[in-house]
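Trainee: I would like to go through this entry chain by chain. Can we keep to what the coordinates give?

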Amino acid sequence: MINIQDIRDTARDMLAKGEVRAVIGWRAGSRGMPAEPAVITAPEQADELVWDPTCYHNLALHLVEDRKFLAHARKTSGAPIAIVAKGCDARAVVVLMQENYFKREDVYIIGVSCEGSGVLAEWKLARHLNGAVPTAAAFAGDEFTFATAAGEKRVPARDVMADRCLECRSPFPKEHNVALGEDKTGRDLAAPFAALARFETRSEGERWEFWQRQFERCIRCFACRSVCPMCYCEECVVDSINIAVAPDTTAEEKANRIRWIERSATRSENITYHMTRAMHLAGRCVDCGECERVCPVNIPLRLLNNKMEREARERFGYEPGASIGGPSLVASFRDDDPGDFIR
Amino acid sequence: MTKKRTGVFVCHCGTNIAATVDVSRLAKEMANEETVAFSKDYVYMCSDPGQNSVIEAIKENNLDSVVVTCCSPNLHEKTFRDNATRAGISGFTCEIANIREQCAWVHKDRGEATAKAIKISRSAVRRVARNKSLEPIAVPVTRRVMVIGGGIAGIQSALDIANAGLEVILVEKLATIGGHMLQLSETFPTLDCSQCILSPKMVEVSRHPKIKLMTYSEVQEVTGAVGNFRVKVLQKPTYVDPEACKLCDECTVVCPVVVPNEHDLGLTSRRAIHIPFAQAIPASYTLDESACLGLNPIRCGKCKDVCEAGAINYDMLPKTVIEDVGAIVVATGFDLYPQEKILEYGAGNVEDVLDGLQFERLCSASGATKGHVLRPSDRKEPKDVVFIQCVGSRDPAQHCAYCSKICCMYTAKHARLYKHHVPDGRAYVFYIDIRSGGKGYEEFVQRAMEEDETIYLRGRVSKLYRKDGKVRVLGTDTLTGQNVEIDADMVVLALAMQPSKGTEEIAKVLKIGRDKDGFLAEAHPKLKPVESVTGGIYLCGAAQGPKDIPETVAQASAAAAKVIGLLSSDTLNHTPTVARVRRSHCTGCEMCVTACPYKAIRLENGKAVVNEVLCEGCGSCSATCLRAAIEVRNVTLLQVHEMIEACLNV
Amino acid sequence: MSEQQAYEPKIVAFLCKWCSSAGSDLAGVSRIQYPANATPITVPCSGSVSPMYILSAFNKGADGVLVSGCHIGDCHYMEGNFLARRKIHLVKELLQFIGVEENRFRMSWVSAAEGAKYAEVVKEFVEDLRPLGPQEKLKAQRT
Amino acid sequence: MSMEKILDKERLSDWIAALAKSGMEVNAPALEDGVWTYKPVDGAVRMDHPNTKQPPKGFAFPQREVFFSFEQIKGEAPRLKQVLPESPQRVVFGVRPCDGRGAVRMDRVFGNQVDDPYYQARRKNVAYVGLACNTAPAPTCFCKSVGGSPVSTDGLDVLLTDLGDKYFAQAVTKTGEALMAAADKLFAKASPADKKSVGKVHADALAQPQRAVKDAEAAPAKLKAAFNSPLWEELARACIGCGICTFLCPTCHCFDINDEVTGSTPMKGSRVRTWDNCQFPDFTMHSSGHNPRENTAARLRQRVCHKFQYFHENFGMLQCTGCGRCVSECPVGIDIVAVVNKVAEHVG
């Protein structure tokens with residue numbers, strides 16, 4: 001059980017000593033819950049930090065934003081930046097380091113273990129509380145507690161946990177500078193890839209019927225892309241105008257941007273977008289599940305990414321976010337990669 | 001981008017294309033393309049008038065790019081790119097649309113074929129509209145050559161190249177050059193002494209001012225590309241200083257360790273410190289570390305004590321030498337197919353059953369028996385000798401599928417040599433066919449049969465085993481249909497040739513391919529017989545396939561000629577269609593660096609940088625990059641995107 | 001004329017320059033007849049085929065997409081087809097996962113000496129595509 | 001005095017059937033994969049939705065629409081063919097008052113100074129049958145503080161109020177009256193008792209506590225004053241620049257225009273309008289590479305100021321209707337209510 005004071009003390013201490021220039025963590029949201037990402041820069045802000053089941057966000061994203069901010073402001077980072085990281089957040093940081101997005105020494109990882117549970121899935125909770133509006137959430141071992149107008153409610157974490165957490169294989173941030181909480185790796189709340197396995201029992205026709213419906217609903221708000229720490233490209237290949245205009249960008253390049261897909265949020269374009277994204281996340285997605293959480297129209301994006309993740313794992317023995325050193329999935333190969341599908 | 005002015009030239013190829021593709025319609029359709037300023041069809045574009053019309057059209061209509069819709073680019077791409085250059089525009093703004101091999105020749109329906117030809121041509125037009133005018137990249141070359149393998153092939157190649165004035169580094173794995181040829185006693189079809197014709201060449205190598213000889217050495221690593229390879233060579237210590245060594249042979253006298261002599265294929269023995277044979281080049285002794293009682297700590301040290309010249313140095317260390325060369329010739333030769341694998345003939349455990357090379361050593365004046373043919377078991381003169389051909393060859397089921405080519409000839413030679421040594425002996429040859437193509441070869445075999453009364457039996461030997469001091473050979477004579485049973489004093493197996501040990505490794509190090517039998521693969525079976533698939537690396541000798549000495553020498557000289565041609569100028573032209581980085585998009589994730597098969601990409605302050613000389617333009621990087629930050633010139637993502645559209649009439 | 005007869009599968013075939021394109025040349029030289037449905041796009045290497053090409057081809061209305069390269073070990077660039085094998089495997093899995101018919105997408109190794117095989121690959125592909133009818137799932141409707 | 005009637009709940013489907021029969025396309029909220037969406041009605045209609053994920057905005061302003069198709073043969077002048085939407089007569093059931101007020105604002109944008117023929121062609125064929133909010137508001141609702149109400153009739157043609165086993169139906173416009181008239185016999189006269197209980201329901205609804213933008217009327221001035229405030233940086237710190245807030249907004253109306261090419265020889269295709277999004281970096285990207293709103297702070301400010309200042313300056317009303325979608329759906333919990341209040345506070 002993590003004591004929030006430990007997180008606050010660590011943050012305060014490091015900021016006070018000037019060992020880090022900022023700490024990325026969570027603070028209470030303006031509506032009480034859910035928590036919201038926060039970047040604090042002064043010791044006295046440390047007490048704003050919270051750690052509860054609504055700390056959904058993969059904070060690695062804000063590490064990325066920090067780097068982009070520095071890059072655009074042409075600043076050098078100076079002191080490292082600290083990040084409060086769950087297991088998935090830490091895995092994301094590892095992938096980013098594997099891709100040289102920043103150096104290990106530039107990031108101070110305050111690991112927080114998800115121990116017996118993980119984060120909340122609000123839609124599950126809503127079903128559970130039928131009507132009652134929660135204003136705050138807290139960890140309580142294998143349970144969550146919620147403050148509501150009708151007093152405190154205790155709910156078994158399992159019942160309202162996000163699927164991604166139930167299936168999580170490494171709730172403990174292996175890569176860290178300090179780690180808080182117990183390492184409950186292998187707690188096996190649910191079999192990994194369970195949802196995927198269930199889905200794959202469907203026939204081709206059923207699969208298409210399902211995905212067609214999902215992709216037709218997509219409004220291309222790009223929240224999935226915006227919330228993903230791996231989508232840090234200066235410019236996304238599916239965007240139809242240049243963003244990364246630089247001195248060496250030629251007029252021709254600006255004029256002749258490839259339109260892989262059109263702006264229209266139609267089925268074909270939406271599919272091409274989501275397929276492209278799944279491909280580009282293969283071997284990089286750490287299954288933090290943020291894309292699925294934020295999707296306003298409930299497209300089960302984790303299924304796509306899980307599919308790629310499991311292929312990488314089972315066919316190529318590749319585990320995203322496992323090591324900073326290793327080669328990337330699609331940039332490498334093994335002599336005995338499966339080729340039975342090839343004529 | 002100012003509007004392109006592309007010219008389209010549709011070739012009829014006589015009726016080859018015109019019969020199935022409506023060429024005039026094709027030309028019209030192409031004229032409708034946004035970027036096309038000129039379009040025509042002609043009966044033979046590759047003919048002189050055809051080519052001239054292309055040049056004229058480019059000049060008259062000031063075209064800036066050309067599409068020729070004709071046969072495969074492998075045939076006339078160069079032709080028409082040269083024409084473009086002659087007309088004053090970059091050859092790289094000329095593309096070929098292959099509507100013959102990929103269309104006219106494989107379809108019958110005129111309508112379908114024409115429709116497809118239009119798509120193919122249109123996508124070429126779209127592509128060329130975005131082609132950049134590029135100039136070949138001139139790369140300074142290192143005018144030095146490495147020859148790997150010191151057999152007759154390597155020696156010949158090295159001498160030819162050195163005599164053309166180029167520096168050569170000749171690398172040999174063993175302590176001396178010479179290879180298998182030096183083990184032979186006489187050579188067919190002239191029966192002249194192998195040593196006598198080879199050793200002068202060996203001496204020439206050792207004396208040649210342009211040749212640097214590195215024996216007892218192995219190639220470990222090769223980087224770089226044609227014109228500029230960097231080779232790491234490991235020189236194993238011989239523990240003897242060749243300069244100081246007086247060849248007094250005192251050391252071998254005191255050396256207590258006796259091991260089989262590989263030069264005589266175990267028919268004789270040598271000491272741990274030894275000289276492979278009298279004419280070894282370099283003429284020096286070698287202390288065989290694996291056999292020596294011990295150097296560290298020194299267990300014996302006798303040889304050092306007796307060496308007055310003080311040539312022996314136990315502290316000699318392996319040396320890694322870096323050599324920069326512009327080209328490499330691989331002549332790593334062959335080994336005999338191991339007798340152990342021939343179970344039907346006793347797997348090498350039956351006494352007095354020898355392989356071809358062992359028999360050579362028996363016949364050789366410098367060999368185990370000083371040139372008297374005596375069988376190993378009791379040193380008696382064998383009276384009945386059975387020679388078996390195609391042992392391991394032409395046997396896809398169990399051994400090698402291929403014919404080892406030289407066995408027919410050397411078996412005939414063996415039979416004759418034997419008869420010359422033992423006139424009253426009987427020589428039997430079991431054969432499947434006699435393959436004696438080559439100058440004077442057939443006559444040679446005939447003489448073996450007639451003059452030397454060799455008994456040729458058409459058939460296979462089913463098995464052989466030891467019986468009362470003899471080797472019983474059971475076979476059939478398929479011509480008479482009778483079973484044959486011979487109690488032989490000695491049996492000689494004409495074992496198949498296979499790539500020498502280590503061929504696989506060297507192929508990996510050099511990044512060159514091997515064929516299904518493990519021999520080094522030539523770039524084209526007919527037109528590029530001495531080129532490997534990797535530019536600047538050439539092949540010769542038995543490493544490329546079974547062959548006899550004359551062929552080997554011819555191939556060695558051919559490889560030499562190729563190298564001399566390659567290095568005849570100070571610079572090489574490297575294709576400019578190489579990868580280009582869009583720095584604004586590159587995040588330095590290093591995926592392209594990992595993916596590049598040529599180590600041509602590196603990171604420089606956080607961004608990928610392409611070494612254009614190393615880059616071969618394979619595009620692995622662009623397909624791996626998530627950010628479209630790297631692409632191959634003139635095959636950019638945008639170009640392929642538009643080709644896709646063209647193929648789908650979008 | 002009924003729909004089925006009217007329908008001719010449109011295939012985009014990405015062929016590597018050194019093996020498969022040369023292989024299709026050999027098919028031509030040997031005058032081996034095969035259906036005209038596949039339009040070849042010659043690329044340097046199967047390893048240069050970006051997943052975007054495949055998705056884009058489907059988006060623009062291809063009924064089938066073929067990627068063909070050198071046999072493992074024969075890649076002119078040594079490793080390109082190893083990279084392709086891994087990447088293309090993922091694309092294939094993904095397409096099937098969302099319910100695109102398995103037979104819409106195909107990969108093959110065709111060497112420069114396998115003209116007959118190239119013809120066979122195309123023939124089979126076309127036959128397998130016919131019963132599927134036009135590809136509408138990923139095709140853009142632009143009106 | 002507008003038409004006020006009573007409709008038994010089980011008669012609702014008959015009414016819808018009648019409208020469908022008269023050739024109308026009837027839409028109502030439906031739950032698909034956990035998402036409330038307006039769908040053409042087939043079978044039973046549920047009206048127990050909190051609010052739909054997307055407002056009904058798309059009926060008059062679809063995310064993608066074609067302006068005209070073009071074709072150009074090489075060397076000739078391009079040929080254009082305008083494509084005006086032939087949208088069917090549509091009626092949309094279950095529209096919440098906040099979204100009704102959204103429609104009012106959209107009408108101002110596309111039909112005030114300039115008539116947008118594409119918008120108008122669709123709009124004139126859409127009728128909204130609203131449903132008053134008489135249950136506890138969502139934690140993110142704040143319509144009252146921005147001049148709306150859970151029982152507002154603005155922008156609606158009919159307002160239904162749930163009275164347990166029946167609806168109190170109030171025609172707001174002529175179109176509304178026609179809709180009800182189309183199935184006149186299904187409706188009963190509203191008794192004084194009914195009117196009384198409606199009054200009560202509405203009063204209770206209005207009495208429900210909501211979060212509030214404090215002194216929204218003063219917001220425009222305060223925001224204007226706070227334009228250069230460093231506070232925006234802080235408020236936008238967590239913003240990830242996705243498009244949820246504006247794509248789900250009932251009053252966001254920014255669009256982009258693109259040519260979708262379908263053939264190159266001859267060049268042909270169509271010019272289409274698609275929603276655009278001020279939260280995307282490329283929204284204000286200049287071809288030079290310069291981006292006047294280069295960070296999330298500037299973009300958040302734009303959205304908030306547009307809702308609470310610019311629109312007010314242009315049309316004399318706040319653009320925000322307090323539906324709360326941008327608050328409940330924001331991945332990082334950016335809360336326009338909190339933002340406006342903090343800025344106001346900051347300016348003092």
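This is a predicted model: local features need pLDDT of at least 70, side-chain atom pairs count only at pLDDT 80 or more; totals for chains, interfaces and linings use all residues.

Trainee: Which radius of gyration does chain D have, against the value for a compact globule?
Mentor: The C-alpha atoms of chain D fill a box of roughly 65 × 60 × 40 Å along the principal axes. For 348 residues, a compact globule would come out near 20 Å. The value for chain D agrees with that, at 22 Å.

Trainee: What percentage of contacts in chain D join residues at least 24 apart?
Mentor: Buried residues make up 46% of the 348 residues in chain D. The contacts to consider are those between residues at least 6 apart in sequence.

Trainee: How far apart are the centres of domain 1 and domain 2 of chain D?
Mentor: The domain assignment gives chain D a domain 1 made of 4-70 + 77-207 and a domain 2 of 216-347. Taken over C-alpha atoms, the separation of their centres is 26 Å.

Trainee: Which element gives the largest share of the side of domain 1 of chain D that touches domain 2 of chain D?
Mentor: In this contact, 31 residues of domain 1 of chain D meet 24 residues of domain 2 of chain D. On the domain 1 side, the elements that give two or more residues are β4 (64-72) and α2 (97-111) of chain D. By class, that side has 14 nonpolar, 9 polar and 8 charged residues. The largest share, 8 residues, comes from α2(D).

Trainee: Which element gives the largest share of the side of chain D that touches chain A?
Mentor: Here 32 residues of chain D are in contact with 33 residues of chain A. The elements of chain D that give two or more residues to its side are α8 (244-247), β11 (255-264) and β12 (267-275). That side holds 14 nonpolar, 9 polar and 9 charged residues. The largest share, 3 residues, is from β11(D).

Trainee: Why does the span of helix α11 of chain D agree with expectation, and what is it?
Mentor: Helix α11 of chain D covers residues 336-347, which is 12 residues. At 1.5 Å a residue, these should span 16 Å. The end C-alpha atoms of the helix agree because they are also apart by 16 Å.

Trainee: Which elements do the buried residues of α11(D) pack against?
Mentor: The buried residues of α11(D) are Ile336(D), Val337(D), Val339(D), Val340(D), Asn341(D), Val343(D) and Ala344(D). An α-helix has 3.6 residues a turn, so residues three or four places apart point the same way. The elements of chain D packed against by the buried residues of α11(D) are α6 (219-225), α7 (231-235), α9 (296-315) and α10 (325-329).

Trainee: Which residue just after α11(D) takes a positive phi?
Mentor: The phi in question is about 75°. The residue that takes it is Gly348(D).

Trainee: How many strands are in chain B?
Mentor: Along its principal axes, the C-alpha trace of chain B spans about 90 × 65 × 40 Å. Of the 650 residues in chain B, 52% are buried. Chain B has 17 helices, and its strands number 34.

Trainee: How far apart are the C-alpha centres of domain 1 and domain 4 of chain B?
Mentor: The domains assigned to chain B include domain 1 (6-135) and domain 4 (337-497). Their C-alpha centres are apart by 62 Å.

Trainee: Is Phe229(B) buried or exposed?
Mentor: Phe229(B) sits in strand β12 (residues 228-235) of chain B. Leaving aside neighbours within four places in sequence, its contacts are Val222(B), Gly224(B), Val325(B), Ile328(B) and Gly536(B). A residue counts as buried at 20 or more other C-beta atoms within 10 Å. Phe229(B) has 23, so Phe229(B) is buried.

Trainee: In β26(B), which residue is the bridge partner of Thr476(B)?
Mentor: Strands β25 (residues 470-477) and β26 (residues 482-488) of chain B pair in the antiparallel sense over 7 bridges. They form a hairpin with 4 residues between them, and Gly481(B) in the turn has a positive phi of about 75°. Across the pair, the partner of Thr476(B) is Asn483(B).

Methods. Residues are numbered from 1 along each chain as its sequence is written. Chains are lettered from A and ligands numbered from 1 in the order in which they are written. Two residues are in contact if their C-beta atoms, placed from the backbone, lie within 7 Å. Ala, Val, Leu, Ile, Met, Phe, Trp, Tyr, Cys and Pro count as nonpolar, Asp, Glu, Lys and Arg as charged, and the others, Gly among them, as polar. Domain bounds come from an automatic or database domain assignment. The expected span of a helix is 1.5 Å times one less than its number of residues. A residue is buried if 20 or more other C-beta atoms lie within 10 Å of its own, exposed if 12 or fewer, and partly exposed in between; C-beta atoms are placed from the backbone. The radius of gyration is taken over C-alpha atoms; the globule rule is 2.2 Å times the number of residues to the power 0.38. Two strands pair if DSSP finds at least two bridges between them.
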